[in-house]
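Hi everyone, thanks for making time this morning.

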Amino acid sequence: MNSLVATSRNFRQAARILGLDSKLEKSLLIPFREIKVECSIPRDDGSLASFVGFRVQHDNARGPMKGGIRYHPEVDLDEVNALAQLMTWKTAVVDIPYGGAKGGIGCSPRDLTKSELERLTRVFTQKIHDLIGTHTDVPAPDMGTNAQTMAWILDEYSKFHGHSPAVVTGKPIDLGGSLGREAATGRGVVFATDALLGDYGKSIQGLTFAIQGFGNVGSWAAKLIHESGGKIVAIGDVSGTIRNPNGLDIHQLLKHKAEGGVLKDFTGGDAMDPDELLVHECDVLIPCALGGVLNREKMLPVKAKYIIEAANHPTDPEADEVKILSKKGVVVLPDIYANAGGVTVSYFEWVQNIQGFMWHEEKVNSELQRYMKTAFRNIKDMCMSHGCNLRMGAFTLGVSRVARATLLRGWEA
Ligand code: AKG
């Protein structure tokens with residue numbers, strides 16, 4: 001099932017639980033605006049390369065639309081639409097004053113040089129600059145983009161609109177980025193994991209973890225779990241997957257990577273079949289990389305008791321807890337809560353830019369912890385009120401907040 005169908009299905013189920021009016025339901029589902037632009041650039045060798053760029057602005061009832069820009073070969077309108085909708089519910093779940101958006105360019109950033117990426121980003125910004133803005137739509141990094149990409153967007157946007165640091169988040173610190181933003185999604189995953197485990201009378205210390213993905217989110221989550229006394233028994237990235245039943249030394253693994261090594265060559269663990277990671281013996285499984293990795297076939301033999309959705313859409317609905325996981329007693333912490341740490345600190349960055357003031361990293365991290373704890377309690381309250389699982393608890397929470405804001409603003413054209 002594709003991501004758009006899955007997200008919309010979760011939304012509809014939440015709307016039914018909440019008893020939303022069908023006209024309101026329809027209007028909440030339709031995106032505010034879909035943007036599709038041609039982005040052609042000269043390659044370094046003088047040849048022409050053409051790409052398609054997208055920005056889907058899903059909803060702005062609660063504030064400016066917010067979401068990442070990804071550079072990936074699989075970026076298309078349906079995928080961006082699903083992710084934009086997911087952002088609307090995600091920002092509402094953690095109660096930050098934003099709506100939802102997402103964008104991207106269908107390209108393989110690894111096959112482009114830095115100067116080609118800069119030209120592509122500037123052309124994309126030229127095409128959408130009138131439709132984004134500090135109080136309209138605020139992009140951020142996502143798969144295949146980073147702080148440098150945001151710096152180029154900021155620079156290009158500012159040529160048209162004057163210096164506007166709050167038009168993007170996830171910027172370099174020198175250009176108004178926030179301390180703690182780089183680690184925020186991974187740190188938020190750990191705060192979310194802590195909140196969930198605490199609810200079951202457990203803690204990270206002493207439990208075993210399998211983590212899929214060792215990019216920004218996976219490596220920060222792994223580092224912080226390791227430092228909290230969790231034992232990471234398996235971890236994988238595009239280079240391969242390794243395991244160590246006694247726990248991998250994540251500090252040594254990070255050092256190995258910082259020195260130019262690849263994960264699969266780390267000598268502190270044994271190589272294993274990447275497909276085995278998802279069904280590896282562990283207490284907690286954290287998919288941090290791709291969507292749709294937990295599908296019906298892979299879910300059946302899962303051994304983890306808890307799954308933390310650090311990636312967007314890692315669980316294919318066919319394998320969702322309602323059908324399979326709950327029968328096995330597996331608890332799934334849904335993406336719209338589990339990976340909301342990044343956008344939450346993006347909000348702090350935006351606030352700092354608007355205030356013209358910089359927070360200490362301790363304040364960023366403690367505020368993030370406060371938002372993640374509060375959101376977990378709010379989700380649990382929805383689960384209690386509606387007798388639903390955590391995914392529906394999160395969806396009903398997000399959808400109810402957006403619906404209330406929409407009704408309060410009224411229907412007048
Ligand atoms: C996500 O949470 O998936 C995002 O794209 C958020 C990016 C941001 O606005 O920080």
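Let me begin with a question: leaving aside its neighbours within four places in sequence, which residues is Ser346 in contact with? They are Lys66, Tyr98, Ala140, Thr169 and Arg181, where contact means heavy atoms within 4.5 Å.

Before we go further, a word on what you are looking at. This is a predicted model, in which local features need pLDDT of at least 70 and side-chain atom pairs count only at pLDDT 80 or more, while totals for chains, interfaces and linings use all residues. Residues are numbered from 1 along each chain as its sequence is written, and side-chain values use heavy atoms, with hydrogens and water left out.

Back to Ser346, then. Its place is in helix α12, residues 341-355; helices here are DSSP runs of H or I with at least four residues, strands are runs of E with at least two, and both are numbered from the N terminus. With a relative accessibility of 1%, Ser346 is buried, and by that I mean under 20% relative accessible area, against over 50% for exposed and partly exposed in between, using a 1.4 Å probe and protein chains only.

You will find Lys102 in strand β4, residues 100-106, and it is buried, with a relative accessible area of 3%. Setting aside neighbours within four places in sequence, the contacts of Lys102 include Arg55, Gly68, Arg70, Asp142 and Asn312.

Now for the aromatic rings. How many aromatic pairs does the count come to? The count is ten, and the rule is that rings of Phe, Tyr and Trp (its six-membered ring) pair if their centres lie within 6.5 Å, with planes under 30 degrees apart called stacked, over 60 edge-to-face and the rest tilted. Take Phe11 and Trp89: their ring centres are 5.1 Å apart and their planes are at 5°, so this pair is stacked. Phe11 lies in helix α1 (residues 3-18) and Trp89 in helix α3 (residues 77-93), so the pair ties together parts that are 78 residues apart in sequence. Phe11 is buried at 0% relative accessible area, and Trp89 is buried at 0% as well.

Elsewhere, ring pairs link Tyr98, Tyr347, Phe348, Trp350, Trp359 and Tyr371 into a cluster. Over the ring of Trp359 sits the charged end of Lys363, 4.5 Å from the ring centre; to count, NZ of Lys or CZ of Arg must be within 6 Å of the centre and within 35 degrees of the ring normal. Trp350 also turns up among the contacts of Thr134, together with Pro64, Ser164, Ala166, Val167 and Ile354, not counting residues up to four places away in sequence. Thr134 itself is in the loop between α4 and β5 (137-141) and is buried, at 15% relative accessibility.

What about cysteines? The count of disulfides, meaning pairs of cysteine sulfur atoms within 2.5 Å, is zero. For Cys39, the nearest cysteine sulfur is that of Cys107, 9.2 Å away. Cys39 is buried, with a relative accessible area of 0%. For Cys383, the nearest is that of Cys388, at 4.6 Å.

Cys39 has another neighbour to show you. Val123, in helix α4 (residues 114-128), is in contact with Cys39, Ser40 and Ile41, leaving aside neighbours within four places in sequence.

Finally, the domains. The assignment, which is automatic or from a database, gives domain 1 (30-165) and domain 2 (182-338). Their C-alpha centres lie 28 Å apart, and ten residues of domain 1 are in contact with seven residues of domain 2.
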